[in-house]
Structures are given as structure tokens and as C-alpha cells.
Amino acid sequence: MTDQPVEPLLGKPQRVVLLLMAVALAAALLVLRGGVDSRSPMEQLARRSLDPDQALQNGRPTIVEFYADWCQACREMAPAMLSLEQSTGNKLDIVLVNVDNPRWGDLVDEYDVNGIPQLNFFAADGQPRGRSIGVRQPDELNALGNALITGTPLPQLAGVGMISAVNEANTPRDVMAGPRSHG
């Protein structure tokens, strides 16, 4: 038996190209995931979010946002929600509830979530003040947050109210769309 050198499967040029492709792929993934701090505004809010029951009993007004990680509209609104949370300090609780987490199934049903993002507004005593379905602009969120903090009526914005415009008494429950039915 003679010891013959084994030829590498890839030559030096191929290994360099493979290494460059791996670095490019890693860089692309880093950029797509939000950079070095991969915590997007929505993830930051979700991580800091109080339990809904705790928030509704702590004497501060509360906005509960029903959202999903895959929801583009929720992601669009997240920077404004984070800004609202930061600007109000400890005067207002922002609570995120992921509709895809089975832990919150009862809450999703209790608040009749049938579209996301859905915002439910609560007074400092935990009583419901209204809700909104769909993306809200930063100025609208600020106005809603200020009204909750000061205890004044919610601003008259399209789509903000106590109940949906749908007449639920005439709509069979099994044909209503759920929060996960759009994409």
C-alpha cells in the first residue's frame, strides 16, 4: 500500500466561491431579520407586554392589540405602537396578544377578534371604551392614547367604536371569518 495524497473534492477557487456565498447568505439573513438587534418593534412590544388580566387590573388605561407575527398590517403599525408606549411612560399599558398562540384562544373569542390588527381600548378601571380593526396611523394612535390617559371620549375616527357594524344576530357564527382567515 502506498500513501498517495487524496485530491480534495473542491479546488481552492471553488472553496473561495463557496465561502463567499455563505458569507453573502449570512449577511442577507441578518438584514432580513432586522439587523444585529433582531427584535423588531413588534417583538419588543410583545416581550415587554403585561398579561392582559394584570394590565386591566393595575389602574392604568390599556390598549390590547390582537396581532399575528405574519400580519403585515400589524408589522406596519408596530413602530407607531412602540413610540406610543415609549412616549406615555407608565401612564398607558400596551398589551400584545398573538392570535396564533393557543394560550390566548379564550381571549380571542371573548373579544370577538375577527380581523387583525384589532385594538381594544380600556379605561383605567378596566372597563371597555371601544375597539378598532385595521392599521392606525401614528397621530390616530396618539389621540386614542391621550384620550384613554385623560379619561376623555375617544376621538371620532372611522372604524373606532364599541361594536362592529355587522349585525351579529343575523350572522351565523360558523360562517364568520376568524382572525387567521386572511393572509
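**How the fold is put together**

Let's start with contacts, meaning heavy atoms within 4.5 Å: of those in the protein between residues at least 6 apart in sequence, 68% join residues at least 24 apart. Before I go on, a word on the source: this is a predicted model, where local features need pLDDT of at least 70 and side-chain atom pairs count only at pLDDT 80 or more, while totals for chains, interfaces and linings use all residues. Residues are numbered from 1 along each chain as its sequence is written, and side-chain values use heavy atoms, with hydrogens and water left out.

Okay, the parts list. We have six helices and five strands, where helices (H or I, at least four residues) and strands (E, at least two) are DSSP runs numbered from the N terminus. In sequence order the pattern reads α-α-α-β-α-β-α-β-β-α-β.

How much of the protein is buried? Of its 183 residues, 35% are, with buried meaning under 20% relative accessible area, exposed over 50% and partly exposed in between (1.4 Å probe, protein chains only).

Now the inside. A nonpolar core here is a set of buried Ala, Val, Leu, Ile, Met, Phe, Trp, Tyr and Cys residues joined through side-chain atoms within 4.5 Å. The largest one has 38 residues, and Ile-63, Phe-66, Met-81, Ile-94, Ile-116 and Phe-121 touch the most other members. Helix α4 gives this core its largest share, seven residues.

Take Phe-121 from that set. Leaving aside neighbours within four places in sequence, its contacts include Thr-62, Ile-63, Leu-144, Leu-148 and Val-160.

Next, which residues of α2 (residues 41–48) are buried? They are Met-42, Gln-44 and Leu-45. Seen down the axis of α2, the buried residues fall within an arc of 160° (taken from the directions from the helix axis to the C-beta atoms), so they line one face of the helix. Their packing partners are β1 (62–67), α4 and β2 (93–98).

Back to α4, residues 72–88: this helix packs on α6, residues 138–150, at an angle of about 35°, with the axes 9 Å apart. Those axes are lines fitted to C-alpha atoms over the stretch in contact, and angles run from 0 to 180 degrees between N-to-C directions. On the α4 side, the residues include Met-77, Ala-80 and Met-81; on the α6 side, they include Leu-141 and Ile-149.

Last stop: Asp-100, in the loop between β2 and α5. At 35% relative accessibility, Asp-100 counts as partly exposed.
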